[in-house]
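The structure is shown first.

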Amino acid sequence: MNRLVVVSNRVAPVRRGGTGAEGGLAVAMQGAMKDRGGVWFGWSGNTVAHDSSQAKVIETGRISYATLDLTQRDYNEYYTGFANSVLWPLFHYRLDLTDFSRRDMAGYHRVNAMFASRLLPLLKDGDVIWVHDYHFIPLGAYLRQAGSRQKLGFFLHIPWPPMELLATLPNHEALVRDLCTYDLIGFQTRTDLHAFEAYIREEAGGEVLSGGRIKAFGRSTLAKAFPISIDTEEVAKLARRAEHSPQSRRLRESLSDRQLITGVDRLDYTKGLTERLEAYQHLLAGYPAYRGQVTLLQIAPPSRGDLSDYQQMRQQVEAIAGHINGRFAEFDWSPVRYLNRGFKRQTLMGFLRLSDVGLVTPLRDGMNLVAKEFVAAQPPEDPGVLVLSRFAGAARELDGALIVNPYDIEGVGDTLARALSMALPERRERWEAMFERLSRHDLAAWRNAFMTNLDAAPCAAAAA
Ligand code: ADQ
């Protein structure tokens with residue numbers, strides 16, 4: 001079988017007992033590379049004074065990890081600038097937060113071209129290349145320009161925005177043209193896929209044919225939805241194992257029979273944390289019987305803290321969490337426990353297992369793996385209830401959840417009351433349907449579906 005070359009912004013070797021970044025995706029990619037042999041290529045996470053002239057390569061078994069450092073300028077323009085201050089907000093429908101400059105866009109292209117040129121010497125004929133996410137949309141085009149003839153696949157982990165939003169991006173057409181260089185383009189949901197197809201038809205004057213075939217910019221490619229998932233069995237196992245861990249015991253004891261609502265999100269404005277806390281406040285204000293009887297555990301490790309939008313949002317979340325505690329707390333009860341830190345996966349899955357309600361209310365999210373992890377972590381005999389935003393990609397699959405509109409603060413508060421009081425037979429019925437689905441559509445199924453399609457896709461470079 002041909003080697004698999006994975007390209008992603010960060011390269012995450014799996015270590016036992018690691019935290020979030022080393023979770024499911026890393027395991028899935030490594031699984032595929034272990035079977036076929038492969039290379040994982042990306043940024044080292046370090047900034048240095050000068051460009052790396054070549055990638056640093058570490059070999060373990062059949063997998064090589066190849067990383068490049070970035071200069072501070074590259075980091076500012078490519079990563080903080082264009083990727084995280086333009087593409088991230090825009091693709092999450094936050095036009096108000098995009099901060100476009102030609103300098104940052106040039107930096108984004110410069111880094112993509114540099115990554116392509118450093119990857120090229122590591123490639124062998126017949127390799128299959130799988131590029132991940134918005135950091136690397138033009139990478140395929142730069143690889144082709146440099147002479148790569150390998151099969152190229154791309155998967156977007158975040159939403160694809162509606163045409164009219166994308167059209168606000170200067171040079172949007174060049175970005176989509178570059179994307180169409182890939183032989184297979186994967187999106188999280190049909191909503192994203194349809195938004196892309198609408199752009200192809202109406203803005204690019206291209207054609208959308210049967211079987212996901214796209215003709216645009218004088219090229220043919222395939223575009224399909226591949227909803228990402230979790231290693232369902234592994235999460236269930238971790239959660240079962242964590243049941244008797246010291247952390248789970250301490251959490252259980254500290255609750256003293258109160259019901260537990262849990263949220264787990266990177267501290268990001270897409271996750272709807274202020275709205276979520278306001279909804280919880282509505283629950284406490286509107287349903288006084290829950291005062292003293294329920295606790296919200298919000299785990300929110302900081303991310304991208306060097307961007308001002310993130311700093312501002314963090315202050316808002318802290319203010320409202322503090323306000324709720326100030327308004328409702330008793331000398332022996334705090335309504336909100338707000339934690340800015342990561343946890344080991346097993347500990348986190350143990351916390352999810354103990355939760356009566358999983359509260360996942362992003363304003364927009366490609367998929368949201370926490371929603372799926374919550375379901376997989378539940379005890380089958382007494383499962384908790386998932387309250388899930390309709391704007392998370394996961395809502396398309398997890399229809400046993402109570403689906404909410406996160407902008408409707410009072411509606412989410414009312415739904416929380418419903419979730420907390422739901423009887424066991426209904427909880428079980430809802431959970432069983434979701435768990436059954438996640439057992440079939442797990443991370444391996446996602447990876448295999450993408451790889452099978454990529455292996456079968458015609459390679460534009462081979463036809464040229
Ligand atoms: P994220 O925006 O990071 O991912 P999500 O899908 O929820 O969001 O994945 C986060 C992962 O990190 C989960 O596995 C979670 O358990 C873990 N995690 C979060 N907080 C943690 C903590 N404090 N300690 C330890 N682990 C923690 C992006 C897109 C999503 C898409 C994924 C995958 O934004 O929409 O679902 O990629 O494609």
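In the protein, 76% of the contacts with a separation of 6 or more are between residues 24 or more positions apart, a contact being heavy atoms within 4.5 Å. The model is predicted, so local features need pLDDT of at least 70 and side-chain atom pairs count only at pLDDT 80 or more, while totals for chains, interfaces and linings use all residues. Residues are numbered from 1 along each chain as its sequence is written, and side-chain values use heavy atoms, with hydrogens and water left out.

The secondary structure comes to 17 helices and 16 strands; these are DSSP runs numbered from the N terminus, helices being H or I of at least four residues and strands E of at least two. The radius of gyration of the protein is 23 Å, close to the 23 Å from the globule rule for 464 residues, so the protein is as compact as a globular protein of that length. That radius is taken over C-alpha atoms, and the rule is 2.2 Å times the number of residues to the power 0.38. Along the principal axes, the C-alpha atoms fill a box of roughly 70 × 50 × 45 Å. Of the 464 residues, 57% count as buried, meaning under 20% relative accessible area, against over 50% for exposed and in between for partly exposed (1.4 Å probe, protein chains only).

The two open sheets are listed below; strands pair if DSSP finds at least two bridges between them.

| Strands in sheet | Order | Pairing |
|---|---|---|
| Ten strands | 3-4-2-1-5-6-7-10-9-8 | mixed |
| Six strands | 13-12-11-14-15-16 | parallel |

In the ten-stranded sheet, strand 3 (56-60) and strand 8 (207-208) stand at the edges with a single partner strand each, so one side of each has no neighbour in the sheet. Strand 1 (residues 4-10) and strand 2 (residues 38-48) run parallel and are joined by six bridges, with Ser8 opposite Gly42 in strand 2. Helix 3 (residues 102-119) lies across strand 1, strand 2 and strand 4 (63-71), at about 145° to strand 4. Such angles run from 0 to 180 degrees between N-to-C directions, with axes fitted to C-alpha atoms, for helices over the stretch in contact.

The six-stranded sheet has the order 13-12-11-14-15-16. Its edge strands, strand 13 (336-339) and strand 16 (402-404), each pair on one side only. The twist averages 20° from one strand to the next. Helix 12 (residues 345-354) packs on this sheet, touching strand 11 and strand 12, and its direction makes about 140° with that of strand 11. Six bridges join the parallel strand 11 (residues 259-264) and strand 12 (residues 294-299); Thr262 stands opposite Leu297 in strand 12.

Gln298 is also found in strand 12. Its relative accessible area is 2%, so Gln298 is buried. Leaving aside neighbours within four places in sequence, Gln298 has contacts that include Gly263, Asp265, Arg276 and Arg337.

The largest nonpolar core has 94 residues, of which Phe91, Phe115, Trp160, Phe196, Ile261 and Tyr280 touch the most other members. A nonpolar core is a set of buried Ala, Val, Leu, Ile, Met, Phe, Trp, Tyr and Cys residues joined through side-chain atoms within 4.5 Å. Helix 2 (residues 72-91) gives the most to this core, with ten residues. A second, separate core of 58 residues includes Ala32, Phe343, Val370 and Leu443.
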